[in-house]
Amino acid sequence: MVTAVVGVGAIGKTVAQLLVDGGERVMLASKDQAKATALAKELGGQADAASVRGAIDQADIIVFAVWFDAIKELIAEYADLLPGKVVVDPSNALAADDQGNFTPILPEGQSAGSVIAGLSPAGAHYVKAFGSLPAELLASGADRAPQRAVLFYATDDGQAAAAAERLITAAGFDPVKAGGVRDTGRVEVFGDLHAFGGLNGKLVTAQEGLAAVEASA
């Protein structure tokens, strides 16, 4: 299995590092290909770099580690390559003000996940994952002992669920399903299962995560 990580900012770089550390093969891509190539060299033999089209074409799983609006553009541009692929969406639909505070850009009740899932072409396997923790908590929370921390995911697709569980486990976390596409807002910023929402920055165990999912289901 090959996972393409499109975007090498804070989330993309962290996810790629964790997956490589977990033994997964990673293909890195970015609008700035030089940055993707440099990161692949830094990560070592399990990582390669390619153009965005090349990475999506060669990979089985695509992690779109870019901003919400950029994911929409990428899905439109590369829709011909996505059928049969697992599309992993960690995005949040947010905008920053002059003070650096983030506010939602979608109407209340609508999630980034529902939008991205709706734009994904027929035959693509959509899952919301790797977005319930910010990059710094992803990096510091991996492989906690004695109990691993949770990463939540949400999907209605069995193939996407299996891929998400594999990658989350390889990254050093326990996967917990939060529901389907209609529940993706729960694992986005301000949602009850997000570190910058109901969890108030807390890392939770699998038992705690399952209880949290059931509590507000």
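On a 1 Å grid over the protein atoms alone, a pocket is an open set of points with protein on both sides within 12 Å along at least five of seven lines, while a cavity is a set of points where a 1.4 Å probe fits but cannot get out; lining residues have an atom within 4 Å of a point. Grid points are joined across faces, edges and corners, and a volume is the space filled by probe spheres set on the points. The model is predicted, so local features need pLDDT of at least 70 and side-chain atom pairs count only at pLDDT 80 or more, whereas totals for chains, interfaces and linings use all residues. Residues are numbered from 1 along each chain as its sequence is written, and side-chain values use heavy atoms, with hydrogens and water left out.

**Pocket and cavity**

- The largest pocket holds about 550 Å³ of space.
- Its lining is made up of 24 residues, and those nearest the centre are Ile11, Trp67, Pro90, Asn92 and Leu94.
- Helices H1 and H6 are the elements that give two or more residues to the lining of this pocket; helices (H or I, at least four residues) and strands (E, at least two) are DSSP runs, numbered from the N terminus.
- The count of cavities of 30 Å³ or more comes to 1, and the largest cavity has a volume of about 40 Å³.
- Residues lining the largest cavity include Ser132, Leu133, Phe152, Leu199 and Val204.

**Strands and their pairing**

- Strands S1 (residues 2-6) and S4 run parallel and are joined by 4 bridges; two strands pair if DSSP finds at least two bridges between them.
- Within this pair, Val6 stands opposite Phe64 in S4.
- S4 also pairs with S5 in the parallel sense, over 3 bridges, and Val86 in S5 is the bridge partner of Ile61.
- S5 (residues 86-89) pairs in turn with S8, again in the parallel sense, over 4 bridges, and Val88 stands opposite Val127 in S8.
- In a regular strand the side chains alternate between the two faces of the sheet.
- In S4, Ile61 and Val63 point one way and Ile62 and Phe64 the other, and all are buried; buried means under 20% relative accessible area, exposed means over 50%, and partly exposed lies in between (1.4 Å probe, protein chains only).
- Strand S8 (residues 125-128) is likewise covered on both faces, with His125 and Val127 buried on one side and Tyr126 and Lys128 buried on the other.

**Nonpolar cores**

- A nonpolar core is a set of buried Ala, Val, Leu, Ile, Met, Phe, Trp, Tyr and Cys residues joined through side-chain atoms within 4.5 Å.
- The largest core has 40 residues, of which Leu19, Leu28, Val88, Val127, Phe130, Leu133 and Phe173 touch the most other members.
- Among the elements that give two or more residues to this core are H1 (10-21), S4 (61-64), S5 and H7 (158-170), and H7 gives the most, with 7 residues.
- A second, separate core has 29 residues, including Ala29, Val52, Tyr78 and Ala112.
- Leaving aside neighbours within four places in sequence, Val88 is in contact (heavy atoms within 4.5 Å) with residues including Ile61, Val63, Val127 and Phe130.

**Selected residues**

- His194 is found in the loop between strand S10 (174-179) and helix H8 (206-215), and it is buried, with a relative accessible area of 2%.
- A polar atom of the His194 side chain lies 2.7 Å from the backbone nitrogen of Phe196.
- Beyond its neighbours within four places in sequence, His194 is in contact with residues including Asn92, Ser132, Glu188 and Leu199.
- Ser111 lies in the loop between strand S7 (102-104) and helix H5 (112-119), and Ser111 is buried, with a relative accessible area of 8%.
- Ala112 lies in helix H5 and is buried, with a relative accessible area of 1%.
- Apart from neighbours within four places in sequence, Ala112 is in contact with Phe68, Asn92, Lys128 and Glu188, among others.
- Gly44, in the loop between H2 and strand S3 (47-49), is partly exposed, with a relative accessible area of 27%.
- Gly44 and Gln17 are 27 residues apart in sequence and 9.8 Å apart in space, C-alpha to C-alpha.

Conventions. A polar contact is a pair of N or O atoms within 3.5 Å; within protein, one must be able to donate a hydrogen and the other to accept it, and residues adjacent in sequence count only if both atoms are side-chain atoms.
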